[in-house]
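Thanks for coming. I will take a few minutes to walk through one structure, and then we can go to the next item.

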Amino acid sequence: MKQNLLRDEPMNAIKRNARIAGFIYLLLTIIAPFRLVYIPSKLFVSGNAAATTGNIEAHELLFRFGIVGDLVTGTVSLFLVLALYRLFRDVSKPLAILMVALGFMDTPLYFFNVLNDIAALLLVKGGDVFSAFDEPHRAALAMLFLRLHGQAIACAEIFWGLWLLPLAALVWRSGFLPRFLAVWLTINGFAYVALSFTTLLLPQYEDVVSAIAFPCQLGEVAFVLWLVIVGARPRQAAATA
């Protein structure tokens with residue numbers, strides 16, 4: 001009886017750590033799209049600087065929430081990689097360290113990227129410091145910073161993809177998560193890298209590649225839902241589930 005309890009204790013700790021990592025990852029997937037998807041869809045008008053800056057000025061608080069959302073996303077991302085390291089460190093410490101190193105890059109990129117939004121907001125609001133620029137010039141400069149924000153996201157996608165590769169290897173080796181998740185996470189990682197290089201090198205094909213990559217990017221969603229709903233199980237039980 002005592003031996004069974006001792007044998008079950010490590011698995012219980014793994015289950016607990018998997019749930020914690022899953023809920024942190026779920027929080028990240030809820031917050032991250034706010035500035036990435038929602039704010040552009042509501043405020044940005046493609047090819048129209050005046051309309052975009054007018055929307056930002058009219059909905060300044062919403063835009064500021066986007067800035068805060070990016071800061072929260074960067075912070076939660078850091079806690080996520082640490083939670084996943086705790087979950088997988090006994091599977092392979094070198095792979096877990098590599099995952100943390102690549103996943104950590106998300107945090108400084110988010111924090112530096114908010115400066116582009118802050119600069120755009122300052123230009124929209126104007127003031128004495130921008131008195132040398134008339135309104136169309138300020139609108140054009142604000143659009144420049146918003147586009148820099150978008151290009152920074154394209155650069156960050158490289159790390160969004162690369163950190164999933166050691167994570168996928170850890171899932172494959174773990175024994176307490178199904179291997180189909182590892183395959184999907186690997187595809188997801190390469191999809192992010194493909195999107196990044198397409199945006200930077202061949203932007204005219206960005207929409208086509210995005211459409212192809214979308215189902216591949218659901219690997220993270222599947223991983224999150226598995227951790228939250230199913231959790232960690234021995235491989236035979238996971239395969240049955």
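I will go through the overall fold, then salt bridges, aromatic pairs, the pocket and a surface patch.

First, what you are looking at is a predicted model, in which local features need pLDDT of at least 70 and side-chain atom pairs count only at pLDDT 80 or more, while totals for chains, interfaces and linings use all residues. Residues are numbered from 1 along each chain as its sequence is written, and side-chain values use heavy atoms, with hydrogens and water left out.

The fold. The protein has twelve helices and zero strands. Helices here are DSSP runs of H or I with at least four residues, strands are runs of E with at least two, and both are numbered from the N terminus. The C-alpha trace spans about 80 × 35 × 30 Å along its principal axes. Of the 241 residues, 41% count as buried. Buried means under 20% relative accessible area, exposed means over 50%, and partly exposed is in between, with a 1.4 Å probe and protein chains only. In α8, for instance, the buried residues include L164, P166 and L167. Just after α8, G175 takes a positive phi of about 90 degrees.

Now the charged pairs. Side chains of opposite charge can pair when their charged atoms come close. The rule for a salt bridge is a side-chain nitrogen of Lys or Arg within 4 Å of a carboxyl oxygen of Asp or Glu. How many salt bridges does this rule give? The count comes to three.

One joins R35 and D117, at 2.6 Å from N to O. R35 sits in helix α2 (residues 33-43) and D117 in helix α6 (residues 106-125), so this pair links parts of the chain 82 residues apart. Both R35 and D117 are buried.

Another salt bridge is between R64 and E60, at 2.9 Å from N to O. These two are in helix α4, four residues apart, about one turn of the helix. R64 is partly exposed because its relative accessible area is 37%. E60 is also partly exposed, at 22%. E60 has a further partner in K125, with the closest N and O atoms 3.4 Å apart. K125 lies in helix α6 and E60 in helix α4, so the pair ties together parts that are 65 residues apart in sequence. K125, at 48% relative accessibility, is partly exposed. Through shared partners, E60, R64 and K125 form one network.

Next, the aromatic rings. Rings of Phe, Tyr and Trp (its six-membered ring) pair if their centres lie within 6.5 Å; planes under 30 degrees apart are stacked, over 60 edge-to-face, and the rest tilted. That gives seven aromatic pairs.

Why does the pair of F88 and F176 count as stacked? The ring centres are 5.8 Å apart and the planes are at 20 degrees, so the pair is stacked. F88 is in helix α4 (residues 60-88) and F176 in the loop between α8 (164-174) and α9, so the pair ties together parts 88 residues apart in sequence. F88 and F176 are both buried.

F180 and W226 make an edge-to-face pair, 6.0 Å centre to centre with 80 degrees between the planes. F180 is in helix α9 and W226 in helix α11 (residues 218-230), 46 residues apart. F180 is partly exposed at 44%, whereas W226 is buried at 11%. Ring pairs also link Y25, W163 and F223 into a cluster.

On to the pocket. A search on a 1 Å grid over the protein atoms alone takes a pocket to be an open set of points where a 1.4 Å probe fits, with protein on both sides within 12 Å along at least five of seven lines; lining residues have an atom within 4 Å of a point. Grid points are joined across faces, edges and corners, and a volume is the space filled by probe spheres set on the points. The largest pocket holds about 1600 Å³. It is lined by 49 residues, and L36, V37, I153, E157 and W160 lie nearest its centre. Helix α7 (residues 135-162) gives the largest share of the lining, eleven residues. W160 is in helix α7 and is buried, at 12% relative accessibility.Last, the surface. Patches are made of residues with over 30% relative accessible area and no salt bridge, joining like charges within 9 Å and nonpolar side chains (Val, Leu, Ile, Met, Phe, Trp, Tyr) within 5 Å. Areas come from the Shrake-Rupley method with a 1.4 Å probe, and for residues only the protein chains shown count as cover. F197, L200, L201, L202, Y205, V208 and I212 make a nonpolar patch of about 700 Å².
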